[in-house]
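This report walks through one part of a protein model, moving from a pair of strands to the sheet around them and then to a single residue. Please keep the structure in view while reading.

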Amino acid sequence: MLIQFRVKNYLSFKDEVIFSMEATKSRKHIGALASKTIAGRLLKSSAIYGANASGKSNLIKAMYFALGLIVNSERNTIAAPIKTEQFLLSTDTKNDGSEFEFEFIFDKMVYRYGFVINNQFVLKEWLEMKTKKNDEFKPLFSRNRQDI
């Protein structure tokens, strides 16, 4: 179950954008809209809306792009470039990679998986698990280029 998705320096997103499934503190229609989980109250569904050209489609494209890289990672070869589309309207982010992160529940545990890529390499990759004891994320693995 998705808790949140985070993207940065991709398509029209220069700064970090977070899509969250966490419910607000409102108690109105609580049973119909949210479920209690180990990560708190999460929405059963969500809608993305906004003005034209506000990034709705690009958020969906970012999710699909990141999921496609994850699912098809064994098909990607070292020789084939990664076709990421970094934010192009600023020179500040020119040398930074595109960053993607998913926070999710799997098998009654909360995980955070993310990566930073450019057109040539996976620059960073990480997987963390939330501990029940102190409610903090504990690294399961991290990678900086080829160093694990």
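## A pair of strands

L2 has F104 as its bridge partner, and F104 belongs to strand β5. The model shown here is a predicted one. Strand β1, which covers residues 2–8, pairs with β5 in the antiparallel sense, and 6 bridges connect the two strands. In general, the strands of a sheet pair through backbone hydrogen bonds, in either a parallel or an antiparallel way.

## The sheet and its helix

The pair β1 and β5 is part of an open sheet of 6 strands, whose order is β2-β1-β5-β6-β7-β8 and whose pairing is antiparallel. At the edges stand β2 (17–20) and β8 (137–144), and each of them has a single partner strand, so one side of each is left without a neighbour in the sheet. On average, and with direction ignored, neighbouring strands of this sheet are turned by 10° against each other.

Helix α2, formed by residues 56–71, packs on the sheet, where it touches β1, β2, β5 and β6 (109–117). The direction of helix α2 makes about 75° with that of β5.

## A residue in β5

Strand β5 spans residues 98–106, and E101 lies in this strand. Is E101 buried or exposed? E101 counts as buried because its relative accessibility is 8%, and the cut-off for buried is under 20%.

Leaving aside neighbours within four places in sequence, E101 is in contact with Q4, F5, R6, R112, Y113, G114 and W126. With W126, the side chain of E101 also forms a side-chain polar contact of 2.9 Å.

Technical notes
Residues are numbered from 1 along each chain as its sequence is written. This is a predicted model: local features need pLDDT of at least 70, side-chain atom pairs count only at pLDDT 80 or more; totals for chains, interfaces and linings use all residues. Side-chain values use heavy atoms; hydrogens and water are left out. Helices (H or I, at least four residues) and strands (E, at least two) are DSSP runs, numbered from the N terminus. Buried means under 20% relative accessible area, exposed over 50%, partly exposed in between (1.4 Å probe, protein chains only). A polar contact is a pair of N or O atoms within 3.5 Å; within protein, one must be able to donate a hydrogen and the other to accept it, and residues adjacent in sequence count only if both atoms are side-chain atoms. Contact means heavy atoms within 4.5 Å. Two strands pair if DSSP finds at least two bridges between them. Axes are lines fitted to C-alpha atoms, for helices over the stretch in contact, and angles run from 0 to 180 degrees between N-to-C directions.
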